[in-house]
Amino acid sequence: MSKSKDDKADKKAADARLRALETFDLENPEFPPELEKLALASGGYPYDEKLKRKVYEDQLIKLQLELLKLQTHTSEAGERIVVLFEGRDTSGKGGCISRILSRLNPRHTRSVALSKPTEAERGQWYFQRYIAHLPTRGNIVLFDRSWYNRAGVEPVMGFCTPEQTASFLRDAPAFEELLVRDGIHFFKIYLTVGREMQLKRFHERRHEPFKQWKITEVDRAAIGKYDAYTEAEREMLRFTHTAVSPWTVIAANDQRRARLEAMRVILTALDYPGKDKDVVGALDPNISKSGADYLAALDGDDSKRANG
């Protein structure tokens, strides 16, 4: 095929995608086939297929055993671990957390998912309500969203002022440095999904009976704010990815790979008796990046669009 024909075909496909995005209707029980074809690869996701279930389950059980070893060591040594799970709506934060917790002792490991602040909490120092949920010695706490609401959903949805967000972005690194200096093993994981995959998951939540409880009015409002969330995550990473409390960004179009990768973020960073390094393996550079590298990629994409 000639270059001109290739260009025409690419333009036709791009136009079809744009129309499908612009006309997407959450209430329509049929998900647009143009978006279905693009979902897994959206956002530049590098894999053509999801991880096979058997491969996933074999790795999952082995990594869960490593997490149990880590929990035993944490409890016996009196250490503390905090993991923040942040990311776009539908990115799979809850799924990652549930797989981490499923075989651990609930006396020493728990998740925290706070509802919107009460009137009294709104009058407190912003970080105050989260401090009560930090772990004591020997415990692990996983936050399903955290104080980073102030850098994501709150500014995008108009729940806080620009001044409040700016103050948060200035203060968060200092707050987190205090946690690390006090001896907490501190992890920040950000899950991201491509736009078409996000729409597919929103559609599943709306039309699958056992998932309908997951979709909220905020989710519905977020459907048209993908680019606004991109800008918010850019600012969050720019100000809060630090040497003391770095972000790890995981591309989560394939939830199976993302769940395994989230476990490895924790396991590769910590030592504990009986650690099987062959099982733990290494992070997958195709889907896992430091906050700095992900931010550089975002800025590079913008530069290409500006020059293209």
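Student: Is E66 buried or exposed?

Tutor: E66 counts as buried, at 2% relative accessibility. Keep in mind that this is a predicted model.

Student: Which side chain does E66 meet in a salt bridge?

Tutor: K69 does the pairing, with N to O at 2.8 Å. K69 itself counts as partly exposed, at 24% relative accessibility.

Student: How many salt bridges are in the whole structure?

Tutor: The search finds 27.

Student: Which residue forms a salt bridge with R17?

Tutor: E196, with the closest N and O atoms 2.3 Å apart. This pair links distant parts of the chain.

Student: What does E204 pair with?

Tutor: K211, and the closest N and O atoms are 3.6 Å apart. Both partners are partly exposed: E204 has a relative accessible area of 24%, and K211 comes in at 28%.

Student: Which residues are linked in a network of salt bridges?

Tutor: E231, R234, E235, R238 and D299 are linked that way.

Student: Now D284. Where does it lie?

Tutor: In the loop between α13 (277-280) and β6 (288-290). D284 is buried yet has no salt bridge.

Student: What is the nearest side chain of opposite charge to D284?

Tutor: R257, 5.1 Å away. A salt bridge here needs the nitrogen and the carboxyl oxygen within 4 Å.

Student: And which residues does D284 touch?

Tutor: Y47 and E261, leaving out residues up to four places away in sequence.

Student: Which residues does H73 touch?

Tutor: Setting aside residues up to four places away in sequence, H73 touches E79, D271, Y272 and P273.

Student: Next, α4. Which of its residues are buried?

Tutor: K93, G95, C96, I97 and I100, in a helix that covers residues 93-101.

Student: What do those buried residues pack against?

Tutor: Two helices are on the list, α3 and α12 (255-269). The strands are β1 (81-87), β2 (109-112), β3 (140-144) and β4 (185-192).

Student: Backbone now. What is phi of T90?

Tutor: Near 75°, a positive value in a residue other than glycine. T90 is found in the loop between β1 and α4. At 4% relative accessibility, T90 counts as buried.

Student: Zoom out. How many helices and strands in the chain?

Tutor: The chain has 14 helices and six strands. Its radius of gyration is 20 Å, close to the 19 Å that the globule rule gives for 308 residues, so the chain is as compact as a globular protein of that length.

Student: What does the C-alpha trace span?

Tutor: About 65 × 50 × 40 Å along its principal axes.

Student: What share of the residues is buried?

Tutor: Of the 308 residues, 45% count as buried. The chain exposes about 16300 Å², with carbon and sulfur atoms supplying 52% of that area.

Student: What share of contacts joins residues at least 24 apart?

Tutor: 78%, among contacts between residues at least 6 apart in sequence.

Student: Last one. How many positive and negative side chains?

Tutor: There are 50 positive and 47 negative ones. The centres of the two sets lie 3 Å apart.

Key
Residues numbered from 1 in each chain as written. Predicted model: local features only at pLDDT ≥ 70, side-chain atom pairs only at ≥ 80, totals over all residues. Heavy atoms only, no water. Helix = DSSP H or I, 4+ residues; strand = E, 2+ residues; numbered from the N terminus. Buried < 20%, exposed > 50% of the residue type's maximum accessible area, 1.4 Å probe, protein only. Rg over C-alpha atoms; globule rule 2.2 N^0.38 Å. Contact = heavy atoms within 4.5 Å. Areas by Shrake-Rupley, 256 points an atom, 1.4 Å probe, with all protein chains shown as cover. Lys, Arg positive; Asp, Glu negative; His and termini not counted. Charge placed at Lys NZ, Arg CZ, Asp CG, Glu CD.
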